[in-house]
Structure formats: C-alpha cells, structure tokens
Amino acid sequence: MEQHRARLFEEGRFSLPPDEGRMAIFVFFDPDYRPGNTIVEDSLDAMDREARRIQRYLRFRGKRSEYTKEASIYDLWDALDDETVSDITVIGISTLSRIHLTPWTRESRSAKRNGTMTYYEAISRGGGWPDFKHLKQGSFYQRTSGNMDKAPLNVPLGWGIMADRASIWAIPQYGFYPSTRHFRPRDGLIRVSRHFGLDEAETTGPMDYARTKEIFGLRETIALRGYPMPRFLYPAYDRLRNNEALFRLHQRIRGHGEFDSPE
C-alpha cells in the first residue's frame, strides 16, 4: 500500500484540489449487525440526519457534495476512481480500521458474504493489490468510533488514499456519538496525525511496517461514551508506560491492579 501510494505521489496523480472538487458523503450501515440496538445514534435514521446536516452546511459554504445512504463498498470504489471527488466523509458503526456496511461479495472469494470493510479492502478491491489510480487532495472525515482494542493493526480507513495524511480526521481510541449540533464534517473529530504526534515526514512520505505497528498497533480505548477528551494525548501515555513505577500507580488508581502488600 505504501509503495503504491508513494508511486502515485511521485507521478503527480491527484484528484481535483478541494476548492474545485466535491465531497462524497457515505452512510455505511449493516442492518444485520445490531438488530436489537437501542443506541439512538447508531440507528440508520440518526446517521441519515447527521449526513444531511453536513450536506446542508457544505451547500451553504458553496461546496458541492453527493450523499449515498446505505452505501456499499462499490459506491466507495466509484468515489476512489472519480478524480472530481476530492473529499470523503464516512458515517457508520466502526473501529478505526474496520466499518460495518451493507454485505458485499468479495470478488476474490465470491462464495463468501462479508458485512465489514477494512482499510485495505477499501483500496484493493477485496484483498488483492492496491489499484486506486490517484490520491485525494482534500480531507477524509471518519465520523465513526475509533476503538483500537479489537485488532492488532488499526490503520485508519483513509490512510492509504490521501495525498496529505494530516488531513485525515477521526477519533482514535474513543467511542464516537455525534451531537445534533455537529454541522461541519470535522465536528467532534481530531486530526489523526496530531493525536499520535506524527511529524510532517510521517504524514507525507511512506511509513514502514515497524513504525505503522508502533503507531497503529493494539491500544486500549481511553474513554467511552460520555467521557471528555483527556488533556494528554497518546505520546504522553506512551512515556507513562515506559516508567514502570508510575504506570503501575496509574493502573492502581484506575482500579486495574491490586495494591502491593505492606511487606
């Protein structure tokens, strides 16, 4: 994926710039995933209202957009192929690297039904080699939960397709529940690069697997619904882990460990 992206970057194969291109808004929803779901924000109606609020805001700002309700993976592939699409917003039930959507059939394994899409399936037509033809010059807004405790590698959905990875917005390590006051695509989100303390070289150039694993490896969910954003970001927590004594004290305060005996 990184080699393919670097090659497109060197060849100057990009979408239209964001001031000329349009926004593709997708609501991905798998009706079979949570048939008994009682969380209002996770319903299709709530996601539809969120998408339409964003579309009205973009129209007010003079930004062209198209909204696809209950989108399939093929709708996303069409947007990746379309050079007039410079920005993408995805809404749905998700972790940072995997989103639930209308079941689709893998082209490489046509007998298997699949109701999720990973970051790699999004760019490789179902698990083969990456085959997208250009990089998006706008922004990628992942309006989903960004939990990272479900998989050993949690690459954000838009990581492979953006010309500038500093323009990827998500909510890593958090459960995301949008407010009715959210109108802008980035409302409630933060820059992924800022959350992980990435420098310019890491957001523009290719990243090796070891560094990717270090950044996007298995990480705990910091806060679930209803908890505020902590004042520290994850690099500070990494430093805390390196100090074993402080880390053990931190775990005890949070109730994750037993107190040492007086001896």
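Reply: Here is a walk through some of the salt bridges, pair by pair. Keep in mind that this is a predicted model. The count comes to twelve salt bridges, and I'll go through three of them.

Start with glutamate 66 and arginine 22, whose side chains meet at 3.1 Å, N to O. This pair ties together distant parts of the chain: glutamate 66 sits in strand E2 (residues 65–68) and arginine 22 in strand E1 (residues 22–27), 44 residues apart. Glutamate 66 has a relative accessible area of 47%, so it counts as partly exposed. Arginine 22 comes in at 11%, under the 20% cut-off, so it is buried.

Arginine 52 and aspartate 48 form a salt bridge at 3.2 Å, N to O. Both belong to helix H2 (residues 44–60), and they are four residues apart, about one turn of the helix. Arginine 52 is partly exposed at 38% relative accessibility, while aspartate 48 is buried at 11%.

Then there's arginine 211 with glutamate 202, at 2.6 Å, N to O. Here arginine 211 is partly exposed, with a relative accessible area of 24%, and glutamate 202 is buried at 16%. Elsewhere, salt bridges with shared partners join Arg22, Glu66 and Asp82 into one network, which brings us back to the pair of glutamate 66 and arginine 22.

As for why such pairs form at all, side chains of opposite charge can pair when their charged atoms come close.

How values were computed:
Residues are numbered from 1 along each chain as its sequence is written. This is a predicted model: local features need pLDDT of at least 70, side-chain atom pairs count only at pLDDT 80 or more; totals for chains, interfaces and linings use all residues. Side-chain values use heavy atoms; hydrogens and water are left out. A salt bridge is a side-chain nitrogen of Lys or Arg within 4 Å of a carboxyl oxygen of Asp or Glu. Helices (H or I, at least four residues) and strands (E, at least two) are DSSP runs, numbered from the N terminus. Buried means under 20% relative accessible area, exposed over 50%, partly exposed in between (1.4 Å probe, protein chains only).
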